[in-house]
Every structure is written in structure tokens, then in C-alpha cells.
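Here is a short briefing to read alongside the model. Have the viewer open and follow the topics in turn.

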Amino acid sequence: MNFLRSYLPILDWGRHYTRDALSNDLIAAVIVTIMLIPQSLAYALLAGLPPEAGIYASIAPIVLYAVFGTSRALAVGPVAVVSLLTASAIGQVAEQGTAGYAVAALTLAFLSGGFLLLLGVLRLGFLANFLSHPVIAGFITASGILIATSQLKHILGVNAGGHTLPEFVMSLLSHLGKVNLPTLLIGLVVTGFLFWVRSGLKPLLQRLGVKPGLAGVLTKAGPVVAVVASTLVTWALALPEAGVKIVGAVPQSLPPLTLPSLSPALLQSLLLPAVLISIIGFVESVSVAQTLAAKKRQRIDPDQELIGLGAANIGAAFTGGYPVTGGFARSVVNFDAGAETPAAGAFTALGLAIAAVALTPLVYFLPNATLAATIIVAVLSLVDFSVLKKTWAYSRADFIAVAATILLTLTLGVEVGVASGVGISVLLHLFKTSRPHVAEVGLVPGTQHFRNINRHDVTTDPNVLTLRVDESLYFVNARFLEDLIQSRVTEGCAIRHVILMFSAVNAVDYSALESLEAVNSRLKDMGVGLHLSEVKGPVMDKLKTTHLLHDLNGKVYLAQYDAWSALAAQPSRRAAE
């Protein structure tokens, strides 16, 4: 039973489900459902899919996540960045509006779900850590700009296109003479209204005496008001006859049973995009889930989250959807509305299913410009250029990573941008660890503590060189330590003992072991002893299986103070530089 609970969290929280939890989950589900109806339609538009695909992608995936996921508040479904990545990926293998395009979306969701499931079963969630937070911030900022720019064609009522910012801008400029004025008016009014709703409606309602909780709910329903109002105006004034593009007929049914394609050529074309979508979606989802869980002192299991998201994406592949993940905005709304368990998601799926059956005829006259405005207002909140200023002040390397990711995403496209972001993250990690911080330390007078000689007034001995290695040793940085010791211990110098303080070393790989053996041999030929101190247990266990300790031209000391006491002969004070 414990094994089943580890893979089916519903068996854990379901045992303790109460009436109060049911009430809170139902209230949260109603609020999130109201928010998701226009949002799902809009994100399907962004992905280049029929509007119903957004609703379908918000039903089965939510239910499956409720069964397999560990977050109590995460709301799974289509999100802006994943929708953009989907459009970019399947736009290269099929033409938008064709059956092949929809099948490619199903296949992409299937591949993404399979990849996430594989990572979860193998407990490989840590791999997402190779995508650094500055790179993620840069990619999301650039994606927000691309998404907003791509939706301007719907605001203007033109057939512009492109995959990069320069392509979008040039295409929009070339179509300025074909702008549809009624569409532009609807787009501008709805965009302005939605921006005002975000910043001004809640304070206004509170000044009118509405309670903060209710004011927040009414604010979240702002997009629904925009949808209803613009739909009624478009219908009443017969604006489609004036060139205003509308959603049109949406199938009035539950999600259909669909099958992804198993064509080897299609699978090969979509494999890399599926991996990138999975990584980005997982990182975004886990970040949101961990933030919300911390507020209630709960915890999530990242590896089980992989399984939950994998199941959700596979569910989308078989029910007419496309790749999904945990969304920030809807999850925060779900949390603030009082959701206590993943059952809130299941109730949300029920609400969306009712909407798919009963309400879809009502969106026939919904202007595409309204959906575009909904997307623009949502994604511009993702744009955060302050990360450039912060990383410039704190770490120039991280600044370069952020700036490069933003520029590459905007100029070469989202797939190149995210792939470059992953590559830059890995290269930054390798660069930083290839030059580990190694401090020469001395004894703080009157204590048994050793500190950096350049930062503290410490006691040193001209015959003893103590180096504190502040990084695990592996093939990337092994030669760095070897070269450093060689540069410090030269023929004719006064140093007779070298102590490597290993208090911060968690691992020594075979390349680093060979470097240590080379250092030991070289120092032995020079008549200089090599000693180790404060070696951690797991590291010592590994070293005991090698010849290093047997051939060591010195000793291994439990504490650095023991090594100092045994080897230092003529200590002298050294002031910090």
C-alpha cells in the first residue's frame, strides 16, 4: 500500500478528504473554471489549433494530474510559453489548419508525456536543475515578447506571420495598409479594459465596500466580461460582415478519443521539441508547485510531479489536446480561492466538460481580437527586464547567459533559444566549477579555526602551505588544482609540507584521483610532504580503494588543527591584505 501511495498520491490525501475540503474545492473549481474558459480558447489560438483544443487540453489532463500529482493547488492545462513552443514545433512539420497539424499536436503531447514519465520512473527530476533560473527568466521574458508580438496580427486584423521578432515586425509593417478598423477598435478597447481590470478594478470594488475576497474573484472574472461584451457587440453589429474574424463554430461535445501518430518520420521530427517542451514545462510547473506548497508548509515530490505531468500530457494526446503543464496564473487563483486538494482540479475539469457540451455555441461570435488581447495582457506580466540589471550587478556570467538567451530567442526562435539556454546553463556550470575557489588558509589566533589569509589576520608558517578546496574535484577542474600547487611549490622554496583541506570536497572522480597521484609523486621527488585533512567519510571510503593513501607522501588528519599542530614549526602572524 505504501508503494502504491508513492505513485498514486490520491490514495494518501483521499483517505482524509472531508466535507470542508469538498466545499472549498468546489468553490475554487467554480472560480478557476470561469477563468479557464476564455484562457483555454486563447491559448489554443496561440498554438495555431482550433479553440476547442484548448478546452479539451484542460479536462482529462487535470483529472490525471489529480490522481498522480503531489501538489494540492497546481492547476494543469495549456499555458502561454508551451503553446508558443507547440506552434513553433508543429509548424515545421505541418500546415496550420490541416488535419496533420492537429495530429502533430497530439503526437507532440504524447512524446512529451512519455519523456516526462520516463524521467519520473527513473527518478531523474534533478536533470531540470541544469537549466539555471537566470536562463529560465531570460527565456520566459523573450517568449512573452514573441507571444505578444505574434498576437498583434489579430488585434490589427491582418494575416501577418513569422517565427522570430524581426520576422513578426517586418510582416506587421508590410500589412499596415490592410488593417481592419473594427477589429483594431475591439482589440484596443478589450486590451485597455483588461489592463485596467488587473490594476484598477479590485481597489475600486474595495472602495465601494466589496470585501477583498469577493473583489479578487470579480477581478479574475474580468476576461469573461470582455468575452461576453465583445461577443454581444460583434453579433449585434454584424461585424463579421465588416471583416472582423471570429471563433466560429466550436464542436458541442466532450473531448473525443484521439490517437497520436506513430510515423517514424514525424516522431523523429518532434522528439527534440518534445524534450525541450517537457523541460521548460516541468521547471515552470515545479517552481509554481513548490512556491504554493511552502505557503501551507506542504511538500511536493519532483520525481512524482514528472509522473503526474507525464500522465497529463498523455491524457491530452488521447483526448484531442496538446502539450500542457502547470500554469502560474491559474494555480495562484486556485490557491487563493481556497483549493485544499487536487480534487479541485477534477471539479474544474467537470465544469469545463459542461462548458464544452453546453456553452460552446455562445462563443460563435467571439472575436479573435478578444482572445489575442487576453493573451497579450497575460504574457506581458511574464516580461521582466529587471533580471538583466540584477544579474549585471551580481554576476556578469549570469548576465551574459540571460542576455544571450533573450537575444537568441528573439532573433532565432523559441526552440533555438531554449536549446541555447540549456547549453549556456551547462557551460556556465562547467566554467564555474572548472576554476574552483581554492583559498590559502591560516590559523585564527586563540582558536582552532582556519580562514583565508587574504580576509583575516591569521597565523601562518613559511614551511606549511594549507589550501582549502571549496569544490568537489572532477575531470573539469582536476588540472586546475594540480597547476595551482605546481605554481606555489617550486624548487628552492621554503615550503616543506602541503596540506589539502578537503572539508568542502564531496566527491573525487577518477581524473581528479590521477591528478592527486601526480601531485603526490611530484612533491615526493621534491622532498615535500602532501597531507590531507578533514576528508569526508564518503570521499575517504572511495580513496581507501585506491593506491593514493598507500603511496601518500604524508598523512591524513581528522582535523586541520591536528595537521597544523603536527607540521607547523615556526608560526608567524600574517595580516589580511
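Val169 lies in helix H10 (residues 165–174); helices (H or I, at least four residues) and strands (E, at least two) are DSSP runs, numbered from the N terminus. Please keep in mind that this is a predicted model, in which local features need pLDDT of at least 70 and side-chain atom pairs count only at pLDDT 80 or more, while totals for chains, interfaces and linings use all residues. Residues are numbered from 1 along each chain as its sequence is written, and side-chain values use heavy atoms, with hydrogens and water left out.

**Surface around Val169**
- Val169 counts as partly exposed because its relative accessibility is 35%; buried means under 20% relative accessible area, exposed over 50%, and partly exposed in between (1.4 Å probe, protein chains only).
- Together, Val169, Met170, Leu173 and Leu176 make a nonpolar surface patch of about 380 Å².
- Patches are made of residues with over 30% relative accessible area and no salt bridge, joining like charges within 9 Å and nonpolar side chains (Val, Leu, Ile, Met, Phe, Trp, Tyr) within 5 Å.
- Accessible areas come from the Shrake-Rupley method with a 1.4 Å probe, and for residues only the protein chains shown count as cover.

**The whole chain**
- The secondary structure of the protein chain comes to 26 helices and ten strands.
- Of its 577 residues, 51% count as buried.
- Along the principal axes, the C-alpha atoms of the chain fill a box of roughly 95 × 60 × 60 Å.

**Strand E3 and its partners**
- Strand E3 (residues 438–443) is mostly covered, with six of its six residues buried.
- Val438, Glu440 and Gly442 point one way from E3, Ala439, Val441 and Leu443 point the other way, and all are buried.
- E3 runs antiparallel to strand E6 (residues 464–469), joined to E6 by three bridges; two strands pair if DSSP finds at least two bridges between them.
- Within E6, Leu467 is the bridge partner of Glu440.
- Three bridges also join E3 to strand E4 (residues 450–452), again antiparallel, and here Gly442 stands opposite Arg451.
- E3 and E4 form a hairpin with six residues between them, and Gly446 in the turn has a positive phi of about 80°.

**Helix H23**
- The 16 residues of H23 (residues 510–525) should span 22 Å at 1.5 Å a residue, and the end C-alpha atoms are 23 Å apart, which agrees; the expected span is 1.5 Å times one less than the number of residues.
- Buried in H23 are Ala512, Leu513, Ser515, Leu516, Val519, Asn520 and Leu523.
- Seen down the axis of H23, these buried residues fall within an arc of 160°, so they line one face of the helix; the arc is that of the directions from the helix axis to the C-beta atoms.
- Exposed Tyr510, Lys524 and Asp525 sit on the face of H23 turned away from its buried side.

**Salt bridges**
- A search of the whole structure finds seven salt bridges, each a side-chain nitrogen of Lys or Arg within 4 Å of a carboxyl oxygen of Asp or Glu.
- One of them joins the side chains of Arg123 and Asp301 (3.3 Å, N to O).
- Arg123 lies in the loop between helices H7 (99–121) and H8 (133–150), and Asp301 in the loop between helices H14 (264–295) and H15 (302–317), so the pair ties together parts that are 178 residues apart in sequence.
- Asp470 forms a salt bridge with Arg468, the closest N and O atoms being 2.9 Å apart.
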